[in-house]
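Please bring up the sequence and the structure, and we shall go through the architecture together.

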Amino acid sequence: FLLIVTLIYRRRSLTIRKLDRRVNRRVSHKPLLCKLSCKETVAKSMNSLVGAIRSMTGSPNEMPSKRGKKHLNDSPAGNGLSVSGTGCGSTYYCIKTQTYQAREPTAVEIAITEQFDEGSKLLVRLAETTEVSAFRPELQGAIFCGHLVADLDSIAGAIGASILYGGTPARASEINSETQFALDHWKVKDIAYIEDLVQAEPDRAICLVDFQQKTQLHDCIDMSKIVGIIDHHALQNSTIVTEKPIFVDIRPWGSMSSILAYEFSAQRVHLPAPVAGMLLSAILSDTLNLRSPTTTEWDRRVVSMLVQYCKVEDSNLLCTRQFKAKSMGISLMSAYTLVQGDLKQFKFCADSGEEYQVAYSVVETTDPLASLARASELVTEMRTVKMELATGKKLHVLYLAIVDIVNLKSYLLLIGEAERTLAEAAYGENTGVLPQEVIDVAGDDCHRYIYDLGTRVSRKADFVPPISKAVANGWHPPMKRSATELVFTGEKAETWVPVVDYSHDPSGEIVRRVSVDVK
């Protein structure tokens with residue numbers, strides 16, 4: 001009997017050593033799944049050994065489990081490992097303590113787990129030397145620049161593309177709070193203004209990243225200098241026109257940074273870890289933590305690769321901190337900043353040949369009620385911005401969407417009859433029924449200028465395509481103005497001008513002042 005026990009113990013010890021070596025090799029690249037330490041593995045194996053001995057000796061205190069069946073109590077006492085859910089043949093694990101209940105896995109966790117093997121395949125293709133670069137002669141030495149009102153995807157994309165193809169990254173506007181968080185978190189230096197680089201080298205080639213619309217192009221960029229486009233947006237009527245063929249890489253993915261991260265792997269180019277972190281943050285931002293309808297399997301696969309590569313121990317913590325950074329200070333921002341902060345213009349053509357210009361601004365926040373409480377102030381500012389943008393050209397519609405990035409809901413602010421009729425033609429008739437919490441902060445009459453967009457959250461996938469379809473189906477601006485438009489139209493909206501205020505922010509903040517008070 002002792003001989004049998006000794007042989008079993010030696011065999012299990014050998015298995016434990018092999019398992020421990022295998023765990024040590026993979027634990028640094030697979031942080032999502034909870035791993036047992038060597039001591040816990042030994043404890044579990046010894047418990048199984050005791051159970052086997054009791055079974056052989058006929059002890060009724062513990063019965064062996066059925067083979068192949070997982071039990072919540074299979075884990076060693078006190079290790080906190082519990083099964084929280086299954087799907088697509090995978091098992092997801094989370095830490096369960098006495099304080100918190102087991103939760104369902106997030107979209108990011110599911111993607112990391114389900115795409116782990118595919119992500120690993122991409123990971124092993126990354127070059128280990130910096131001497132390798134992607135061979136795109138037309139892009140080498142170019143300036144890589146994103147769109148006006150730069151977001152995280154355009155900044156990270158400019159940085160990533162400059163490393164991948166060899167060039168200089170640039171930005172077309174100030175850095176927002178979310179982008180600044182990512183730069184600080186991954187320890188990446190800020191990049192130069194596009195106007196400074198163009199002024200220093202006016203003949204230098206330029207590659208556009210994260211856009212291809214003329215309405216989003218910085219004024220200092222000469223279209224004859226554009227040699228490439230890397231983007232993930234639809235081609236609209238305002239797409240740039242070039243005199244000669246250029247390099248174009250446009251894919252229907254959720255983020256432009258996903259395209260670049262994949263290309264680093266596909267072309268076997270070395271990807272610096274800080275740059276990989278920036279690309280990861282950009283993908284999570286553009287896809288709302290992989291929950292946006294624009295998210296594709298490629299985005300999930302690339303995120304899995306980057307999480308492994310960057311050794312992210314807690315993906316949920318990273319997502320949470322980014323969400324907070326994105327919403328940081330929104331309640332303190334001026335109405336001018338909120339309306340102009342993420343505004344893009346689009347041109348749509350009707351079947352009759354008429355063209356309509358639509359400006360669409362988006363505020364993404366974890367606290368939508370704080371922004372909706374300022375709805376009347378924002379609507380007044382929107383009317384002023386609409387008149388300013390229409391100077392020298394016709395701007396038919398301006399929208400501001402307030403997106404709840406936690407609960408994936410959105411509300412649209414309407415400033416006139418044109419906005420209301422186009423919204424109803426694109427998204428359906430407005431029922432006028434709003435949640436009580438919205439009415440409590442925005443007022444009893446807020447249904448006149450707040451439109452419930454439901455679960456639509458993406459400008460690229462949910463907001464703009466229905467408008468294009470509505471215009472093609474015959475929508476045209478109405479002749480009359482609504483009561484809402486009359487309420488928010490007055491001398492105040494027309495006589496206030498933007499100025500820089502230094503009273504609250506040493507770096508300055510753009511606010512409105514009555515023109516007679518501006519000296």
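The model before you is predicted. I begin with an open sheet of six strands, whose pairing is parallel and whose order is β5-β4-β3-β6-β7-β8. At its edges lie β5, residues 192-193, and β8, residues 247-250, each of which pairs on one side only. Helix α5, residues 152-165, packs on this sheet and touches β3, β4, β6, β7 and β8. The direction of α5 makes about 170° with that of β4, residues 167-171. A further helix, α8, spans residues 256-266 and lies across β6, β7 and β8. Relative to β7, helix α8 runs at about 100°.

Let us now look inside the sheet. Strand β3, residues 142-145, and strand β6, residues 206-209, run parallel and are joined by three bridges. As a general point, strands of a sheet pair through backbone hydrogen bonds.

Strand β6 also holds Leu-208. Is Leu-208 buried or exposed? Its relative accessibility is 0%, so Leu-208 counts as buried. Leaving aside residues up to four places away in sequence, Leu-208 touches Cys-145, Leu-217, Ile-221, Ile-226, Gly-228, Ile-229, Ile-230 and Ile-240. Leu-208 and His-147 are separated by 61 residues in sequence, yet their C-alpha atoms are 7.8 Å apart in space.

For a contrast, consider Leu-235, which sits in the loop between β7 and β8. Leu-235 has a relative accessible area of 58%; the cut-off for exposed is over 50%, and therefore Leu-235 is classed as exposed. Together with Val-248 and Ile-250, Leu-235 makes a nonpolar surface patch of about 260 Å².

Strand β11, residues 397-404, is joined to β12 by five bridges, and the two run antiparallel.

Why is β12, residues 409-413, described as largely enclosed by the rest of the structure? The reason is that four of its five residues are buried.

How values were computed:
Residues numbered from 1 in each chain as written. Predicted model: local features only at pLDDT ≥ 70, side-chain atom pairs only at ≥ 80, totals over all residues. Heavy atoms only, no water. Pairing = 2+ DSSP bridges. Contact = heavy atoms within 4.5 Å. Axes fitted to C-alpha atoms, helices over the stretch in contact; angles between N-to-C directions. Buried < 20%, exposed > 50% of the residue type's maximum accessible area, 1.4 Å probe, protein only. Patch = residues over 30% accessible without salt bridge, like charges linked within 9 Å, V, L, I, M, F, W, Y side chains within 5 Å. Areas by Shrake-Rupley, 256 points an atom, 1.4 Å probe, with all protein chains shown as cover. Salt bridge = Lys/Arg side-chain N within 4 Å of Asp/Glu carboxyl O.
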